[in-house]
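Hi,

Here is the structure I promised to pass on. Have a look at it first, and then read my notes below.

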Amino acid sequence: LFLATLTYDTLRFEYEDFPETKEPVWILGQKYSVCTEKEEILLDVTSRLWFTYRKNFPAIGGTGPTSDTGWGCMLRCGQMIFAQALVCRHLGRDWRWIKGKRQMDNYFNVLNAFIDKKDSYYSIHQIAQMGVGEGKSIGQWYGPNTVAQVLKKLAAFDTWSSLAVHIAMDNTVVMEEIRRLCQAGVPCAGAAACAGLEPEPAALCNGCPGAAGCRDRLRLWKPLVLLIPLRLGLTDINEAYIETLKHCFMMPQSLGVIGGKPNSAHYFIGYVGEELIYLDPHTTQPAVEPSDSGCLPDESFHCQHPPCRMSIAELDPSIAVGFFCNTEADFNDWCQQIKKLSLVRGALPMFELVERQPSHFSNPDVLNLTP
């Protein structure tokens, strides 16, 4: 109860601040110096959408849970990594949230896609109910692979964002598969999600203005969300992967990593030295309702204190790494960076990048990374 009354300024002293170090801080592809850019680091972290446990939301499925406390942490981390993709897609990586400043409509469109109600694209309701098809009952804990599979299914309905979502299984990223997915001709934003159906009128595409639809009709590349579920060891992370993992946070295409400690999920957004920087969903907040004016109070969706840190060595080996490639050039650049990474001394590749699907490729269901 006391914590709920703390102000932002008070909270800054409740949480351990960044260490005074000359080591660079990397946050989702951007490099900072603690010595000269501490405020910029905190502003970048605060600008990420922060999804936590909530209570008193409409019952999932009409009769199910009204809170996800104790079971929804990985679902919330899935929301955070996907929200970062939508922010990059609609607002850009350099967009910043400033308390009290009026935000553009696209920001609220992104936020509304995750609000705790049954008709939001990526709500806890949608994720929990879609997870039933992945063998997870409502209220059951997810692993990184399960939440990635569910988000891919839900993205098909998000015609406003019109994303191509690819989950690379068997530790292998097949470039040919991704190009085929992203270069699929789309008569209107997101039409790949409803192949065979008549395109919606240009004037309105899933409730979004026709101008957006026109722009997307001209796109030759659907923006890519690439999620790679991995297991980096048996019970502990293999130290040989640590350098590679760090490099993932240095890439401009980085969406971060979802994972954590056993049965306690976190959204990792960067690192400093030998510590990972993360947003923690394990805070229960009341569900948010739009105000009488229709505006959505948004302060509780931004972490306004220095972020949490933990030793990389404590990371559970089961993770999913995310990347966003808005254009084909972004994807080509990402491929080049991954190829160069394989030449870094002391960095064991976490996954393989290949042009075509290897003949030995197994069925994706064979590799079950869910704890």
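A quick word on terms before the details: a helix here is a DSSP run of H or I at least four residues long, and helices are numbered from the N terminus. Please also keep in mind that this is a predicted model.

First, the overall picture. The chain has ten helices and 15 strands. Of its 371 residues, 53% count as buried. Taking contacts between residues at least 6 apart in sequence, 73% of them join residues at least 24 apart.

You'll find His 125 in helix α5, which covers residues 124–130. Is His 125 buried or exposed? Its relative accessibility is 1%, and the cut-off for buried is under 20%, so His 125 counts as buried. As for what surrounds it, leaving out residues up to four places away in sequence, His 125 touches Phe 57, Pro 58, Ala 59 and Ile 60, and also Asp 116, Lys 117 and Lys 118. With Pro 58 there is a polar pairing too: a polar atom of the His 125 side chain lies 2.6 Å from the backbone oxygen of Pro 58. Phe 114 is eleven residues from His 125 in sequence, and the two C-alpha atoms are 9.6 Å apart.

Next, a helix pair. Two packed helices are described by the angle and the distance between their axes. For α7 (residues 175–182) and α10 (residues 328–341), the axes come within 12 Å and cross at roughly 170°. Angles over 145 degrees count as roughly antiparallel, so that is how α7 runs relative to α10. On the α7 side, the residues that meet α10 are Met 175, Ile 178 and Arg 179; their partners in α10 are Glu 328, Phe 331, Asn 332, Cys 335 and Lys 339. Sorted by class, this contact has four nonpolar, one polar and three charged residues.

Finally, the cysteines. How many disulfides are there? The count comes to zero. Cys 308 is in no disulfide, and the nearest cysteine sulfur, that of Cys 303, is 6.6 Å away. Cys 308 is buried, with a relative accessible area of 17%. Cys 335, the one in the α10 contact with α7, has its closest cysteine sulfur in Cys 325, at 7.4 Å; a disulfide needs the sulfurs within 2.5 Å, so that is too far for a bond. Cys 335 also counts as buried, at 3% relative accessibility.

Cheers

Key. Residues numbered from 1 in each chain as written. Predicted model: local features only at pLDDT ≥ 70, side-chain atom pairs only at ≥ 80, totals over all residues. Heavy atoms only, no water. Helix = DSSP H or I, 4+ residues; strand = E, 2+ residues; numbered from the N terminus. Buried < 20%, exposed > 50% of the residue type's maximum accessible area, 1.4 Å probe, protein only. Contact = heavy atoms within 4.5 Å. Polar contact = N/O pair within 3.5 Å; in protein donor to acceptor, adjacent residues only side chain to side chain. Axes fitted to C-alpha atoms, helices over the stretch in contact; angles between N-to-C directions. Parallel < 35°, antiparallel > 145°, perpendicular 65-115°, else oblique. Nonpolar A, V, L, I, M, F, W, Y, C, P; charged D, E, K, R; others polar.
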